Amino acid sequence: MNPYEDLPEKAFWRLAVANKSMFDISEIWDPKFHIKPNKKVATYGSCFAQHIGNALKDRGFNWMITEKAPDGCSEELAKKYNYGVFTARTGNIYTTSLLKQWTEWALNKKEIPDEIWEKDGRFYDPFRPRIEPDGFESEKELKMSQSQSVESFKESIVTSDYFVFTLGLTESWHHKDGYEYPMCPGTVAGEFNEEVHQFANQQFNAILKNLSEAMKLMREVNPKLKFILTVSPVPLTATKTNRHVAVATMASKSILRAVADQLASNRQNVDYFPSYEIINSPVFKGAFFEPNQRSVNPHGVNFVMDNFFKCLTNKYGVTERINKSRKGNRAKTADEVCEEKLLDAFKK
Amino acid sequence: MKICIIGNSHVGALKNAWQTSLHQIKEKGVAITFFAARGSSLKDLEYKDGILTAKTDKLKEMLSFTSGGESFIDLNTYDVLLMYGLNTKPYFPREIFYSKAVTDDSLEDYYSDSLALKILKMIPSGLVREIYIGHNPMRAENSRANRQPVKCANDDYDRGISLVNDRIFQPHGATLLKQPLQTIAENGKNTMSIYSIGSRRLEIGAINDAESHPKTDRGHMNESYGEAWLNHFLLHVEKNR
């Protein structure tokens, strides 16, 4: 008798992987929480996080939207203005430090910086540079919109049952005064100033600390809140480190994956869902990437999310309630709102 | 004063009320001509030289039947134009902040199915001195209880009307009117149920003319509603002159 003899099938590569079609691989996730369809789920993070919200909605789960598009607004228009992309209209939150920054603003631990970018008479939010495609008509309007999103973010922290966060990047841009931008100034909007704007490729300890602190702040106002972490499988569009983008991507994702694992392994209120592995593991042969080997094909997104719900059902017998009006659109609606993609425009 | 009212099935309540009551107003010299067709048949109107004409014979017949013999709408001959119903919904803004761009674009979306707005856009500005829009009645509340009218629970409706006028109708020279306050249910978002009881189909020369709407129909209103609405409208017009 040895400790391996009683292990389940999923513990053995031959049984769990080698002997199966990749489409039959099962039990890839052992969910910690019984997410019932009526429980409120908030979703934030990098580009890939957007798919989780839509998948929840499609399956009749309670994807919480605290900053809704106006009544009667078409889906296309809502998306144009970034409503219904995340729970509140935060835009992408790529790093754990950005998540902490949003949390501190929401809980009045820190003031939102006054910085505003102006171009051709329109005003752009440095913390949500693409939130309004043509900018705001005035500084006042921008500030009111920003306050609304912070308030809606707060509402989601305070009232949700589950907070799903997709870790996206380690590379980040900061103002010398200490606050962080989601995108390097001068790329999507604003102007880059090397005296003011500083690059940081965040390392394991800082990422772990920021995420832990953000979670702690959230649980102070909502002690029942549980977290589900995922890591975006989408490679970097560009790296500011001096490394090859493939090497920078692997380093970045490995660190984020390690942080997620550290927290999920050691905390009862944190789980990790392996969307990263489903897309990136050699087990799945890179089959879910588009030909550019960066974007995830809508079928890949569906495969990831099908696994999410299949694992929940297998463990807890959750009955998903397919939203019939959206089911047929699942594969079509997988295109995402992603500022980081815009860095591709700067390639020589 | 000559008033032209163009509408779909919802205008039946107004037309029936005008035919059976409101005698005092008629005595004051107010003349109303109705041009109506059910559903979205009025999408087949086209404009030329101050006149709205039907593109189909079927619509032409309905215009003639509902107006009492006029198969086209000569806008030059009216002092006031009201477009009623025509898939124009009331708007209830959410209590969160939206930028002007979001508000404008979403209202365009919201009213993209409004036949009243489509017709309005065909009419050159200044052709008719006063143009008003009456939205579809708010759905009647579910309860058939005969409740007393109360003040709206919130100001969403007023804010919505004001916003829609500012961004959608007034740029085209028209004013969206509120439905009479006394018809609005306590929740501020429905019509009191007493106004939907006994509603009848618009008469267009069809077999089912003047039939009662099914009991489950909470979208169409009765003559009492029509009377309240017309009184409210005519008061507004009079005040505005």
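**View 1. Lysine charges over aromatic rings in chain B.** B:Lys2 lies over the face of B:Tyr78, 5.3 Å from the ring centre. The charged end of B:Lys26 sits over the ring of B:Trp18, at 4.9 Å from its centre. A charge counts as over a ring if NZ of Lys or CZ of Arg is within 6 Å of the ring centre and within 35 degrees of the ring normal. The model is predicted: local features need pLDDT of at least 70 and side-chain atom pairs count only at pLDDT 80 or more, while totals for chains, interfaces and linings use all residues; side-chain values use heavy atoms, without hydrogens and water. Residues are numbered from 1 along each chain as its sequence is written, with chains lettered from A and ligands numbered from 1 in the order in which they are written.

View 2. Over all chains, the structure holds 33 aromatic pairs (rings of Phe, Tyr and Trp, the last by its six-membered ring, with centres within 6.5 Å; planes under 30 degrees apart are stacked, over 60 edge-to-face, the rest tilted). One of them is the tilted pair of A:Phe61 and A:Phe309, with 5.1 Å centre to centre and 45° between the planes. A:Phe61 is in the loop between helix 2 (49-58) and strand 2 (62-63), and A:Phe309 is in helix 9 (residues 298-316), 248 residues apart. Helices (H or I, at least four residues) and strands (E, at least two) are DSSP runs, numbered from the N terminus. A:Phe61 counts as buried at 6% relative accessibility, and A:Phe309 counts as buried at 1%. Buried means under 20% relative accessible area, exposed over 50%, and partly exposed in between (1.4 Å probe, protein chains only).

**View 3. A ring cluster in chain A.** Ring pairs link A:Tyr44, A:Trp102, A:Trp105, A:Trp117, A:Phe127, A:Phe153, A:Phe163, A:Tyr179, A:Tyr181 and A:Phe227 into a cluster.

**View 4. The open sheet of chain B.** Five strands pair in parallel in the order 2-1-6-7-8; pairing requires at least two DSSP bridges between two strands. Strand 2 (31-36) and strand 8 (174-177) stand at the edges with a single partner strand each, so one side of each has no neighbour in the sheet. Strand 1 (residues 2-7) and strand 6 (residues 80-84) of chain B run parallel and are joined by five bridges. B:Ile3 has B:Val80 in strand 6 as its bridge partner.
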